[in-house]
Amino acid sequence: HVSYYSQDDSSPTSGQWDPSVTAADAKTAADDPSTIAYLGDYNSAATAISLPLINAAGILQISPSSPYGGLTSALDAGQDEPERFYLTGKRNFARLQPGDQAQARAQVALMRGLGVSKVYVLDDQDPFELPLAQMVVTDAEQAGISVAAHDSLDTTATTEFTGEATKISESGAQAVFFAGGTTPETVALWKQLHSADPHLWLLGSSTMVNATFAAEVGAGADARTLLTTPVLPVSHYPASAQRVLAAYRRRFHQQPEAYALFGYEAMSATLQAIRRAGARGNNRQAVIDGLFATGPRDSVIGRYAIEPDGETTLSSYGVDRLAAGKLMFWRELGGADFSSDRKPASRDGRPEKSPPHPG
């Protein structure tokens with residue numbers, strides 16, 4: 001018999017995830033002797049709080065998202081990461097969406113496709129975004145793309161970025177990559193970058209994929225904005241995914257987004273790990289072992305496996321463009337797009353193939 005208990009890691013006042021609520025949720029799960037798996041968290045910073053508590057209790061943890069690289073790898077990670085998340089010395093965490101390592105490769109593939117030969121990299125000083133910016137710097141240089149500079153901006157203190165925008169415009173960069181959130185300050189930065197150089201490609205990370213940011217950027221800047229996302233349109237997933245989404249519509253009477261597939265697969269993979277443990281299905285370590293021993297798995301999010309470090313073998317990223325204040329899927333990047341020996345298509349800043357112009 002398997003029971004399901006739902007917890008909410010958001011603050012009742014703000015509606016956003018809250019560190020203290022997240023910690024309380026994880027402690028509740030860890031202290032319950034019947035807990036066999038913890039599904040979450042969605043946000044990387046929240047997972048960084050819950051994971052040490054869940055690991056200390058020896059419980060399987062599967063996140064539908066949480067792309068921060070330091071949760072699974074030491075590559076460009078923070079101090080003592082990923083070890084600080086695994087107090088037992090054993091891995092118990094897996095994520096289903098491809099992590100920031102894959103996102104960095106996707107961003108560089110996008111730059112190559114646009115014919116970018118020089119890029120300016122920015123981050124908003126968030127410790128869970130800065131490593132992604134550094135990965136993009138490294139991968140871009142390895143791909144033969146010149147990095148004009150990498151600046152960290154305090155986007156909480158001001159909406160005035162004309163000096164930074166002018167510096168970027170004068171650097172000769174054909175694109176800016178920004179790793180960070182979508183505060184009002186970020187919207188101001190985006191508009192000022194476009195005003196300083198209307199031909200500049202404005203590339204952003206998956207944390208920027210939200211309707212509010214898309215609506216506020218403005219018609220000029222949105223025509224040059226491209227954002228990477230690990231979630232593809234529902235039509236890009238297998239037939240089994242379409243059946244699940246149809247069942248979702250019947251059950252909940254609303255149209256699900258593709259994000260729902262990752263939540264569904266988190267539970268499906270957990271149940272399979274319990275089944276794999278057989279008579280030891282109520283043994284925490286046996287269920288962890290069952291998840292990591294599964295091997296390649298056909299699922300609603302595609303065929304994938306979980307690596308020993310908890311990383312998924314899924315690597316495809318989508319690219320969304322902004323058009324008339326809305327997010328529109330443009331293309332999928334994966335496989336051959338990530339070949340490290342490919343060079344930019346041109347050196348004069350002209351794109352090999354531009355995304356369709358809005359309208």
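**Exercise 1.** Classify lysine 167 by its relative accessible area, and describe the salt bridge that joins lysine 167 to glutamate 164.

*Solution.* Lysine 167 has a relative accessible area of 40% and is therefore partly exposed. The classes are set as follows: buried is under 20% relative accessible area, exposed is over 50%, and partly exposed lies in between (1.4 Å probe, protein chains only). The model is a predicted one, in which local features need pLDDT of at least 70 and side-chain atom pairs count only at pLDDT 80 or more, while totals for chains, interfaces and linings use all residues. Residues are numbered from 1 along each chain as its sequence is written, and side-chain values use heavy atoms, with hydrogens and water left out.

The next step concerns the partner. Glutamate 164 is buried, at a relative accessible area of 13%. Because lysine 167 and glutamate 164 are 3 residues apart in helix α5 (residues 162-170), about one helical turn separates them. Helices (H or I, at least four residues) and strands (E, at least two) are DSSP runs numbered from the N terminus. Finally, Asp151 joins Glu164 and Lys167 in a network of salt bridges.

**Exercise 2.** Give the count of aromatic pairs and assign the geometry of tyrosine 42 with tyrosine 259 and of phenylalanine 178 with tryptophan 190.

*Solution.* Rings of Phe, Tyr and Trp (its six-membered ring) pair if their centres lie within 6.5 Å; planes under 30 degrees apart count as stacked, over 60 as edge-to-face and the rest as tilted. By this rule there are 6 aromatic pairs.

For tyrosine 42 and tyrosine 259, the distance is 6.2 Å centre to centre and the angle between the planes is 65°, an edge-to-face pair. Tyrosine 42 lies in the loop between β1 (37-39) and α2 (44-56), and tyrosine 259 in helix α10 (residues 259-277), so that distant parts of the chain, 217 residues apart, are linked. Tyrosine 42 is partly exposed at 45%, and tyrosine 259 is partly exposed at 33%.

For phenylalanine 178 and tryptophan 190, the centres are 6.0 Å apart and the planes stand at 70°, so this pair is edge-to-face. It joins strand β6 (residues 175-179), which holds phenylalanine 178, to helix α6 (residues 184-196), which holds tryptophan 190, 12 residues apart. Phenylalanine 178 is buried at 0% relative accessibility, and tryptophan 190 is buried at 0%. Phe178 and Trp190 form one aromatic cluster with Phe213.

Note on methods: A salt bridge is a side-chain nitrogen of Lys or Arg within 4 Å of a carboxyl oxygen of Asp or Glu.
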